[in-house]
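Look at the structure below and keep it in view while reading. The text goes through it one part at a time.

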Amino acid sequence: MAVLTFNEAACKGCRLCVEACPKKILDLDTSRVNAKGYNPVLCSDMNTCTACAICARVCPDSVIKVEKGAAA
Amino acid sequence: MAAKVIYEKSRGLKDNPLTYCPGCSHGTIHKLVAESLVELDVLERTIAVAPVGCSVLAYNYFNCDGIQAAHGRAPAVATGIKRVCPDKIVFAYQGDGDLASIGTAEIIHAAHRGENFTVIFVNNAIYGMTGGQMAPTTLINQKTTTSPYGRFEETTGKPLLVSEMLATIPGAAYIERVSVHDHAHILKAKRAIKKAFEYQVEGKGFCMVEVLAACPIGWNVLPVDSMKFVRDQMMPYYPLGVYKDRANIGGKGGAL
Amino acid sequence: MSKKVLMKGNEVIAEAAIQAGCKAFFGYPITPQNEIPEYMSAHIERRNGIFVQAESEVAAINMCYGAAATGARVMTSSSSPGMALKQEGISYMSGADLPVLMVNVSRCGPGLGGILPAQGDYFMATRGGGNGDYRTPVFAPAYIQECSDLVFHSFDIAEKYRTPVMILLDGMLGQMMEPVEIRPTPPIEADKSWVVDGNTDKRPPNIVNSLSLLGDVLEQQNLIRFEKYAEIERTECMVENTVKDGDEIAVVAYGVPARIVSNAIEELSAEGIRAGLIRPITLWPFPYDVFQNLPASVKHVLVAELSMGQMVEDVKLGVNGKYPVHFYGRCGGMVFDPSEIADKVREIIKGHTPAEPVPRNGKPSDRCTKHTKGGAQ
């Protein structure tokens, strides 16, 4: 299974990953702000994620780490 | 079974958070440069030359030696470094105000001499750091803080086509224009940037990759819309593609 | 055994620089310094150095900035209007604490001016035309032997204090020939832990820059840099002082004009007028103290410059009201001969010249007395 890890402190809420995700499972968490004052990104449905890493590649701030394979 | 890392922040970048605005393309381009340096295994012998502009602090982001150049002079500074340290990898990272306006002499003559370093030219059609003034690359009718009614060709000319211009210089080995407005183009931009460093490793001479980039805050649009501006407004005027590729000349030679 | 050879000033500077271990030279053609880049182009690459003819003086100084950041000994040369263009880079190198040797074989101005010798660049050299708080050590040779010796010394000073250093001479010294022995001295052991030479497999990345966006940090950096400048003022000042007890007047001049003044002093001594020479060799730091320690016999100070009067302001700071300070200058490329200086001294001694000279609003002819006097008598 895919695992996304967000370096939330670096997220600037630009939505580029949200728009780029082919599965449309990313969105900004409007219930919270990070230390910079932005709504950080979150994944609403990890089971649907294919670890394509498009979100990570379009993120200017290297917020997202993408892993695939069974976690121990 | 341990999880396999598909993508993570490049070790070619320091841990420092980027100070760029939300959605700014500089971060994306930084990543491509950093990944290329790591993949080519040259990071530890690389010297980055930062410009004046939004990326003035680039030396805080690239995980290699860094030096900050006066406005427009990065190609001259890079010349000084590379001539003394020919076995090191040197790149100048410049914006369009820096390279296409105040630094035209330095970039043209670095190409003219065929200096064996790499230039990453970030074209976002505006002066970002100083607050969104008109650049030589600003599009016709584009509103900026110094063209509040839009850029008029009659008094300010047409946007400067830097890649086309530099491709006419015999000393230039590789000139390509790319964009980073979406995932597919980011992948293509990565290939171009990596190639520009490969050519330097092989001693082929002057390489420049012009990257069409978004400045959402300077353009007064949302980041997502800024990417559409690059695609719909910039790319028609600034066609993507390879403008010069002397793959078989200089250094060790050989086509790539 | 003497190893003296007959060489031109500009070529001596270039050869001395190569022997001092100059790794890279970046220049741009401008008269009357062209022999320096020409000599470099012929010789430095054959001795494992780098020569680049830049597209402009601005580019040349920025190439120096990059090359110096790698820890190499680097150098540029130019002449007055070209040095004006280099001010951006000099300010940056000062802000980034980079050691670079710059040679200004000056000519007359302002503007394009002319190619004849002049000393109108004193302010630009000692005050700097670049932005911000910085100082530049400036050496002013008067002899070709001194040109050579000061090249070795300047590189050492630049590296010891991590600062740009200037050698300021005029076209006369650059163009004339004299017997000279180039006497290399071993380079000082300088700290190079700060360089950006792309060796981060052995150490953490270094950064060379002059940017500092936080006020308290930048202030602290400037304060540290000015401690360095204070140390230079304390220890690196150089002056030739021939003023002896019994001399009535001290004549102050630097560079080749100081040699003309020496001839005038000889001429005057034959008729019983006693004068001595003060020749600053460092223009910054300026030898202010000399003027507080002159013999009691001294009643006047005369400053002779090939300018409308620039160093005279430093002399007044040194004199600090203790003596009347007189001025004699020629400009536009005109060079005074010894008799003009001697005549000026005679006037002063006889009291014919107002002590506080030259009203600021005076015509040029008021300042440059005997303006139209020819070279021959």
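How many bridges join strand 4 of chain A to strand 1 of chain B? There are three bridges, and the two strands run antiparallel. Strands pair when DSSP finds at least two bridges between them. Helices (H or I, at least four residues) and strands (E, at least two) are DSSP runs, numbered from the N terminus. Strand 4 of chain A covers residues 64-68, and strand 1 of chain B covers residues 4-7. Within this pairing, Lys68(A) stands opposite Lys4(B).

A word on the model and its labels is needed here. This is a predicted model, in which local features need pLDDT of at least 70 and side-chain atom pairs count only at pLDDT 80 or more, while totals for chains, interfaces and linings use all residues. Residues are numbered from 1 along each chain as its sequence is written, and chains are lettered from A and ligands numbered from 1 in the order in which they are written.

Begin with chain A. Chain A has two helices and four strands, and from the N terminus on they run β-α-β-β-α-β. The radius of gyration of chain A, taken over C-alpha atoms, is 12 Å. Along the principal axes, the C-alpha atoms of chain A fill a box of roughly 35 × 25 × 20 Å. A residue is buried if 20 or more other C-beta atoms lie within 10 Å of its own, exposed if 12 or fewer, and partly exposed in between, with C-beta atoms placed from the backbone. Buried residues make up 40% of chain A. Two residues are in contact if their C-beta atoms, placed from the backbone, lie within 7 Å. Of the contacts in chain A with a separation of 6 or more, 62% are between residues 24 or more positions apart.

Next come some backbone details. Most residues other than glycine have a negative phi, and most peptide bonds are trans. Arg15(A) has a positive phi, near 75 degrees, and lies in the loop between strand 1 (2-6) and helix 1 (16-20) of chain A. Arg15(A) is partly exposed, because 18 other C-beta atoms lie within 10 Å. Ala53(A) also has a positive phi, near 70 degrees. Its place is in the loop between strand 3 (41-43) and helix 2 (54-58) of chain A. Ala53(A) is buried, because 22 other C-beta atoms lie within 10 Å. In chain C, the peptide bond from Thr31(C) to Pro32(C) is cis, with omega near 5 degrees. Pro32(C) lies in the loop between strand 2 and helix 2 (35-43) of chain C. Another cis peptide bond joins Trp284(C) and Pro285(C), with omega about 0 degrees. Pro285(C) is in the loop between strand 13 (282-284) and strand 14 (300-305) of chain C.

How do the chains meet? In the contact between chains A and B, 27 residues of chain A meet 25 residues of chain B. Helix 1, helix 2 and strand 4 of chain A each supply at least two residues of the chain A side. That side has 16 nonpolar, three polar and eight charged residues. Here Ala, Val, Leu, Ile, Met, Phe, Trp, Tyr, Cys and Pro count as nonpolar, Asp, Glu, Lys and Arg as charged, and the others, Gly among them, as polar.

Of the two pairs of chains in contact, chains B and C share the most contacts. This contact takes 34 residues from chain C and 29 residues from chain B. Helix 3 of chain C gives nine residues, the largest share of the chain C side. By class, the chain C side has 19 nonpolar, 10 polar and five charged residues. Strand 3 (residues 65-68) of chain B and strand 9 of chain C pair in the parallel sense over two bridges, and the bridge partner of Ile67(B) is Val208(C). Chain A and chain C do not touch, and their nearest C-alpha atoms are 19 Å apart.

Last is the interior. A nonpolar core is a set of buried Ala, Val, Leu, Ile, Met, Phe, Trp, Tyr and Cys residues joined through C-beta atoms within 7 Å. The largest one has 224 residues, and Val49(B), Ile120(B), Val211(B) and Val251(C) have the most contacts inside it. Helix 3 (residues 57-69) of chain C gives the most to this core, with 10 residues.

Technical notes:
Rg over C-alpha atoms; globule rule 2.2 N^0.38 Å.
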